[in-house]
Amino acid sequence: MFDYLTFDYFFDVNQRIYYGYVMMAFFIAFVFFRKSLKKQFSREVLWHKSARLDYLYFIVSGVLKVAIILPLLIGVNEVTLWVVLRLNEYFGYISRIRVSKEILLLSYTLVLFAVSDLSRYWLHRLMHSVPILWRFHRVHHSAEVLNPLTFYRVHPLENILFGLRYVLVTGVITAIYIYFFGAGIRAVEFLGANILVFVFSMIGSNLRHSHIPLSYGVKLEKWFISPLQHQLHHTKIYTHRNFGSYLAIWDRWFGTLTLGKAKSSKILDFGLPIKERERVTHSLLGAFLNPFIKGIKL
Amino acid sequence: MIQKLAKSTLLGVVLFFGGCGGDNAYDGTNLVGGNPSSVQGDVLASIQKNILLNNATTLVENLNEVQSTLNSFEQNLSSAEVQSLQSDFVNIIENWKKVEAIYVASEYDSALRTMPINMDFFNKGKNFDVATNIDYVLGLNGSLQTAQVKKTTKTVTGIEYLLFANQASIEEMKALINQDSQKRLEIMKLAVANVYDNALLIQAFYKEDVKFISNVEDTLNILVNTLVQSTFDLRELRIGEAAGFIFKTKDDPKAERLEYFRSKKSLEAIKAILLAHQEVMGQQSFENLASFASSNGADAVVKKIQANLSNALAIVGEFSTPLQNGITPASVDTKIKRLYDEITDLQKNYFESLINALELTPDIIEADGD
């Protein structure tokens with residue numbers, strides 16, 4: 001029963017809103033963005049209809065995820081085992097390559113992080129460019145004010161797609177590593193989270209969905225997606241730019257990067273893109289059903 | 001600005017982790033499921049003592065006995081003595097296979113890394129023909145040129161050829177051993193002494209080593225890797241290749257490819273390997289990998305592995321004739337296919353245990369968009 005309570009998320013280091021990450025985000029905002037922090041905690045943002053939907057959505061979708069979505073998803077172990085057996089079947093068993101434990105863990109951590117980030121980029125981009133997928137992803141982009149819980153304002157079908165992506169990427173990468181290097185594969189972790197995910201989460205992942213315009217500067221933003229760059233992604237003008245999660249190299253290589261610094265002076269106007277301007281009611285039912293039935297308002 | 005950010009972040013990190021309790025201390029994952037904190041070093045000590053050292057010691061004792069027997073011969077050998085030597089050889093291969101199946105010494109001592117290759121030419125020294133080498137030396141006039149059989153006399157395969165030739169009968173073998181001033185017997189003494197010396201090194205390592213029990217996570221990884229590799233060797237090289245089940249020899253069964261074709265003892269070797277796996281993964285009177293894994297949440301897969309081993313040993317028990325009798329160019333005994341399939345399943349379950357231990361649970365953060 002306790003699993004169904006999304007309250008758990010605050011104490012799970014693998015969750016975006018783990019209390020440590022939130023505290024760090026608050027800390028950064030408090031030190032550098034006092035004015036923006038005031039806005040973030042203003043009634044106008046905190047009690048906006050969009051924000052109220054985020055709070056409700058967070059609770060309801062958390063229950064849905066545990067009750068319906070996760071049981072539907074095939075496990076990473078099953079994918080890993082299936083791929084390991086197929087690799088052995090088609091390419092033959094090979095005596096494992098001996099490398100030092102440090103190199104093995106470090107390379108697995110980096111490869112898993114990079115491939116996972118790349119796959120997130122492409123799935124995210126597809127959510128924008130394939131009309132049927134965009135219908136579902138619009139739920140996330142319909143947010144008109146941002147807060148860390150907006151991260152969870154994602155249609156259940158999108159949850160399933162991202163869950164499958166995770167299972168496939170982790171399963172295939174792990175299987176390839178087992179095939180070549182045998183047992184002993186694991187990512188370098190800190191407090192139970194992938195060290196790289198942990199580091200990025202500590203330096204402001206929660207500010208991505210906020211009104212705190214933290215930029216990393218022109219040079220760094222070519223390599224890493226800053227909170228400001230993701231905020232631009234949520235604006236009505238730059239909706240179809242900056243699809244990356246942690247790394248900006250995918251956006252740069254595939255021509256969708258917009259730097260945050262240059263645009264930071266502009267007012268961030270969040271919501272659906274201008275072309276699709278429509279009255280959003282921010283209802284829970286609308287968020288769930290609008291992608292299926294056009295007549296129901298988002 | 002950047003300096004200020006760095007300082008503030010550092011302070012924040014310190015404050016944040018200063019508040020983290022011991023509950024958050026992460027100490028890695030173990031291999032076969034469960035919580036590494038419950039790992040007891042004595043499980044590994046038990047494996048080292050009851051399996052690794054015990055098997056190596058038995059091999060050393062075997063070889064010592066054979067050495068004594070060989071040195072006791074003062075005149076031509078009788079048929080009974082030849083037969084007795086051949087029985088001793090079965091003991092040697094049974095114990096050697098047990099040592100080889102769970103050979104982990106190579107992971108800890110680089111000097112022992114190539115030991116199995118030195119001691120066993122099967123499928124590892126195909127470019128070198130033991131029989132040709134021995135026959136060549138035996139055919140030379142004059143006293144025995146031991147330097148020319150240096151490589152051969154390090155191997156169990158060499159001992160096999162010296163004792164069985166090409167499936168010679170007892171009488172034929174007796175004649176071969178007794179001819180030419182018992183040159184064959186001299187080479188045999190040399191080979192047994194060499195293998196004995198190597199077995200002593202392995203025994204000494206397992207007796208004195210402390211690395212095996214010092215790093216639980218690494219040792220568990222090594223053990224599982226060794227079991228997986230051994231299962232592969234058993235399935236592909238010792239059964240599949242001869243029976244024509246693998247890609248390389250598909251539909252081309254040839255009994256000559258079996259490991260102990262000359263002595264017709266391939267089945268005994270297979271049984272010894274399975275018994276070695278059972279020592280590690282079966283229910284035993286001492287603590288082993290199975291008892292450890294079961295008590296750490298991997299009971300289901302352990303039971304599947306135990307069933308595989310029992311089934312495979314039961315199939316081995318069904319054979320009333322040497323394995324090679326079941327392999328002809330025209331057909332392969334269905335029992336061999338069943339054995340092959342059971343070992344395939346065993347390998348799959350080893351992989352499953354290995355993967356389960358990685359604790360790759362569905363990660364909800366990855367199931368959300370951005």
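Me: What does chain B average in pLDDT?

Reply: Chain B of this predicted model averages a pLDDT of 82, and 83% of its residues score at least 70.

Me: Where in chain B is confidence lowest, and where is it highest?

Reply: Confidence in chain B is lowest in helix α1 (residues 2–18), where the mean is 44. Helix α12 (residues 266–281) of chain B has the highest, at 96.

Me: Changing topic: how many salt bridges does the structure hold?

Reply: Over all chains, the structure holds 21 salt bridges.

Me: Which residues are linked with B:K97 in a network of salt bridges?

Reply: The network links B:K97 with B:E100, B:R238 and B:E259. Two of its bridges can be described through B:K97: one is formed with B:E100, with the closest N and O atoms 2.6 Å apart, and another with B:E259, where the closest N and O atoms are 2.6 Å apart.

Me: What does the bridge between B:K97 and B:E259 tie together?

Reply: B:K97 lies in helix α3 of chain B, whereas B:E259 is in the loop between α11 (216–243) and α12 of chain B, so the pair ties together parts that are 162 residues apart in sequence.

Me: And how are B:E100 and B:K97 separated within their helix?

Reply: They are three residues apart in helix α3 (residues 79–101) of chain B, and therefore about one helical turn separates them.

Me: Are B:K97, B:E100 and B:E259 buried or exposed?

Reply: B:K97 is buried, with a relative accessible area of 0%. B:E259 also counts as buried, at 7% relative accessibility, and B:E100 is buried with a relative accessible area of 12%.

Me: What about B:K248, with which side chain does it meet in a salt bridge?

Reply: The side chain of B:K248 meets that of B:E241, at 3.5 Å from N to O. B:K248 is exposed, with a relative accessible area of 59%, whereas B:E241 is buried, with a relative accessible area of 4%.

Me: Over to chain A. Where does A:R138 lie?

Reply: A:R138 belongs to helix α7 (residues 131–141) of chain A.

Me: Is A:R138 buried or exposed, and why?

Reply: A:R138 is buried, because its relative accessible area is 6%, and buried means under 20%.

Me: Which residues does A:R138 touch?

Reply: Not counting residues up to four places away in sequence, A:R138 touches A:L272, A:E276, A:E278, A:N290 and A:L298. With A:N290, the side chain of A:R138 makes a polar contact, side chain to side chain, at 3.2 Å.

Me: Last topic: which residues make the nonpolar surface patch of about 450 Å²?

Reply: The patch is made by A:I97, A:V99, A:I103, A:V172, A:I176 and A:F180.

Me: Which helix gives the most to the nonpolar patch?

Reply: Helix α8 (residues 156–181) of chain A gives the most, with three residues. A:F180 is found in helix α8 of chain A, and at 31% relative accessibility A:F180 counts as partly exposed.

Methods
Residues are numbered from 1 along each chain as its sequence is written. Chains are lettered from A and ligands numbered from 1 in the order in which they are written. This is a predicted model: local features need pLDDT of at least 70, side-chain atom pairs count only at pLDDT 80 or more; totals for chains, interfaces and linings use all residues. Side-chain values use heavy atoms; hydrogens and water are left out. pLDDT is the predictor's confidence in each residue, from 0 to 100. Helices (H or I, at least four residues) and strands (E, at least two) are DSSP runs, numbered from the N terminus. Buried means under 20% relative accessible area, exposed over 50%, partly exposed in between (1.4 Å probe, protein chains only). A polar contact is a pair of N or O atoms within 3.5 Å; within protein, one must be able to donate a hydrogen and the other to accept it, and residues adjacent in sequence count only if both atoms are side-chain atoms. Contact means heavy atoms within 4.5 Å. A salt bridge is a side-chain nitrogen of Lys or Arg within 4 Å of a carboxyl oxygen of Asp or Glu. Patches are made of residues with over 30% relative accessible area and no salt bridge: like charges are joined within 9 Å, nonpolar side chains (Val, Leu, Ile, Met, Phe, Trp, Tyr) within 5 Å. Accessible areas come from the Shrake-Rupley method with a 1.4 Å probe; for residues, only the protein chains shown count as cover.
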